[in-house]
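Please read the following numbered points beside the sequence and the model.

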Amino acid sequence: MKYVSASDILPEPLLQEIQKYVQGRTIYIPSREDGRKKWGQLSGQRDFLRKRNLEIRQSFRKGIGVEQLSQSYCLAEETIQKIVYQKK
């Protein structure tokens with residue numbers, strides 16, 4: 001996380017108000033709840049896993065076994081089973 005000086009980004013009246021509570025200490029200001037992204041949205045990992053799991057389910061329905069899927073996708077057999085038997 002990159003730190004930014006409050007004096008560089010906050011208006012002077014707000015900075016003075018914050019200084020009443022925090023003098024020279026580092027504070028973290030979290031993002032608003034409505035501004036947060038879900039896990040994997042920025043990196044694309046969520047979409048990647050959704051597509052991969054869909055492919056695995058389709059292959060399983062076509063008759064490809066858990067062991068072969070495990071080898072093809074470099075995943076444990078237990079992980080493949082969780083994916084193909086997952087209820088939606």
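1. Arg 32 is placed in the loop between α2 and α3; helices here are DSSP runs (H or I, at least four residues), numbered from the N terminus. With a relative accessibility of 62%, Arg 32 is classed as exposed, where exposed means over 50% relative accessible area, buried under 20% and partly exposed in between (1.4 Å probe, protein chains only). Between the C-alpha atoms of Arg 32 and Arg 61 there are 43 Å, and the two residues stand 29 residues apart along the chain.

2. The model is predicted: local features need pLDDT of at least 70, side-chain atom pairs count only at pLDDT 80 or more, and totals for chains, interfaces and linings use all residues. Residues are numbered from 1 along each chain as its sequence is written, and side-chain values use heavy atoms, with hydrogens and water left out.

3. The largest nonpolar core consists of 7 residues: Ile 56, Val 66, Leu 69, Leu 75, Ile 80, Ile 83 and Val 84. Such a core is a set of buried Ala, Val, Leu, Ile, Met, Phe, Trp, Tyr and Cys residues joined through side-chain atoms within 4.5 Å. Two or more of the core residues come from each of α4 (66-73) and α5 (77-84), and α5 gives the most, with 3 residues. In soluble globular proteins, nonpolar side chains tend to be buried together.

4. Which residues does Ile 80 touch, leaving aside its neighbours within four places in sequence? Ile 80 is in contact (heavy atoms within 4.5 Å) with Ile 56, Val 66, Leu 69, Ser 70 and Leu 75.

5. The model has 1 aromatic pair, a pair being rings of Phe, Tyr and Trp (its six-membered ring) with centres within 6.5 Å; planes under 30 degrees apart count as stacked, over 60 as edge-to-face and the rest as tilted. The ring centres of Phe 60 and Tyr 85 are 5.6 Å apart and the planes meet at 85°, so this pair is edge-to-face. Because Phe 60 belongs to helix α3 (residues 45-61) and Tyr 85 to the segment after α5, the pair ties together parts 25 residues apart in sequence. Phe 60 is partly exposed, at 26% relative accessible area, whereas Tyr 85, at 55% relative accessibility, is exposed.
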